[in-house]
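Please keep the sequence at hand while reading.

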Amino acid sequence: MSDRPSSPAPRRRSLLRGSLAVPAALAVPSLSGAAPSFARSGRPEAAWGVQAGDVGAHSGLVWVRSDRPARMIVETSATESFRNPTRRHGPVIGPGTDFTGTTRLHGLPAGEQIHYRVTLADPDDPRRTGRPVSGTFRTTPQGRKQGVRFVWSGDIAGQGWGINPDRGGYRVYEDMRRLDPDFFLCSGDNIYADGPILPSVTLPDGTVWRNVTTEEKAKVAESLAEFRGAFRYNLLDENLRRFNAQVPAIVQWDDHEVHNNWYPGQILDDARYTEKRTDVLAARSLRAFSEYFPVSTLSPDHASDTDGRVYRVLRHGPLLDVFVLDMRTYRNANSPGRQPDDATGILGAEQLRWLKRELSRSRAVWKVIASDMPLGLVVADGKVNFEAVAQGDPGAPLGRELQIAELLRHIKHRKITGTVWLTADVHYTSAQHYDPSRAAFKDFAPFWEFVSGPLAAGGFPATKLDATFGPEQRFIKAPTRANTSPAETPPYFGEVDIDGDSGELTVRLRQEGGEVLFSTVLQPGRVGQE
């Protein structure tokens, strides 16, 4: 257990009363979302809030969206009073990025609370500035004494369940914020580009679920403008904007950023679409994704061989490395999954080489593998094809399982300890322990996989387990019918707490309101904890 309490730490309490209180500038923006690029009166405003992402020991990314062309200016300070701040001039933001901008911060002190504020200035008159918008984050510690706490989940605004003002919007973000995590790991499905949001939905008991609606979310996303509008939609929620201002993010993507169950080269059989090439839709979505999230490998000022990719590793001091996977971009076509050879798999050959290499290099006590899909849960795509790794055959690895078997064998033979798999995707919460003694494939070390979600989407019944890697379900909570609303099935999220002294890792599966549904403690330096 971390030495930090479960409630906000004292160092943050004054902050939450002060600079992170939502000011008038953060009132719900215009639902059209269009930035008035021709407006010259008034001052630039950042009504969509701020967010930080991919924070390290000495660096991090800060994001903002303007209501017009503006120069992004970021100030940082060790105190919320911003005495002796450091000022950095970011990009001039405009219509080319949907008026969003990201500034990379360098030279930050390790293991410290960083206060930042973003000011937008008229590019033609630097004296004309908008109201500063503030946020905060903790940089990664270089020692282990502080411990690490983070939360994870995914699946937002799916199956027609959007921001409901009658419920106070996305209340689960406030539950997560109050835990004062070091960061939030979003496991994908940040939007449902293939799922329109209607003004209302009648529930089984006759009550009505009401949604905040926008023009872009009235149909499936096909154009770049529609993808941008889908990513912008969630920022209409005050809980999420407040959360973003306090908790930095590590974000990955999955299928619904583009289309349900998509894979490269697919031609959609969906009458709602005029553009049916998923490669075209995926390129537009990735551009909007990179504009609306501060992702280090997608940042415009990031020049290396990692440009344009979602998979990456984030190092969080000696206790934790987070390996962010992309199981969508490089996969082969969904199929029955019974082929005896599969070099592409769900990761692609290059990503698999990268993951094996980075896991071998890691010296962190814990290696969290952030997977956008589960390993042993059978996720179908139609009547005969499968969407994830497992395909329901309990025997030796076939299809995409071959690639995962190669990875698990590598982890065992290289004596890589402390691997834990985290995901969302299936719209319920569960805990699986994988053990070769129960498996058809036996050349691997035991490990845990934890599932938690959705944050704001429909709940779905549990899927079957595939016995190839010997999973045993230690906990599950799922509805018994498909697409239950968040009013019927509460949103789920997970919490990971690593103690700085003992190195113990505690996983808690929680639901909206903060209730702990399941908890287990894993010991460092071991594999297959019971």
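Reader: On what basis are the values given?

Author: This is a predicted model, in which local features need pLDDT of at least 70 and side-chain atom pairs count only at pLDDT 80 or more, while totals for chains, interfaces and linings use all residues. Residues are numbered from 1 along each chain as its sequence is written, and side-chain values use heavy atoms, leaving out hydrogens and water.

Reader: What distance separates the end C-alpha atoms of helix 7?

Author: Helices (H or I, at least four residues) and strands (E, at least two) are DSSP runs, numbered from the N terminus. The expected span of a helix is 1.5 Å times one less than its number of residues. The 13 residues of helix 7 (residues 401–413) should therefore span 18 Å, and this agrees with the distance between the end C-alpha atoms, 18 Å.

Reader: Against which elements do the buried residues of helix 7 pack?

Author: Buried means under 20% relative accessible area, exposed over 50%, and partly exposed in between (1.4 Å probe, protein chains only). The buried residues of helix 7 include Ile404, Leu407, Leu408 and Ile411. With contact taken as heavy atoms within 4.5 Å, the buried residues of helix 7 pack against helix 6 (349–361), strand 19 (419–423) and strand 21 (447–451).

Reader: Why is strand 2 described as largely enclosed by the rest of the structure?

Author: On one side of strand 2, Gly60, Val62 and Val64 are buried, and on the other Leu61, Trp63 and Arg65 are buried. Strand 2 (residues 60–65) is largely enclosed because the number of its residues that are buried is 6 of the 6.

Reader: How many bridges join strand 2 to strand 5?

Author: Two strands pair if DSSP finds at least two bridges between them. Strand 1 (residues 50–53) pairs with strand 2 in the antiparallel sense over 4 bridges, and Gly53 stands opposite Leu61 in strand 2. Strand 2 and strand 5 (residues 100–105) also run antiparallel, with Arg65 opposite Thr100 in strand 5. The number of bridges joining strand 2 to strand 5 is 6.

Reader: What kind of aromatic pair do Trp253 and Trp262 form?

Author: Rings of Phe, Tyr and Trp (its six-membered ring) pair if their centres lie within 6.5 Å; planes under 30 degrees apart count as stacked, over 60 as edge-to-face and the rest as tilted. The structure holds 23 aromatic pairs. The ring centres of Trp253 and Trp262 are 6.1 Å apart and their planes lie at 75 degrees, so this pair is edge-to-face.

Reader: How many residues apart in sequence are the parts tied together by Phe441 and Phe469?

Author: Phe441 and Phe469 form an edge-to-face pair, 5.9 Å centre to centre with 85 degrees between the planes. Phe441 lies in the loop between strand 20 (429–434) and strand 21, and Phe469 in the loop between strand 21 and strand 22 (471–477), so the separation of the parts that the pair ties together is 28 residues.
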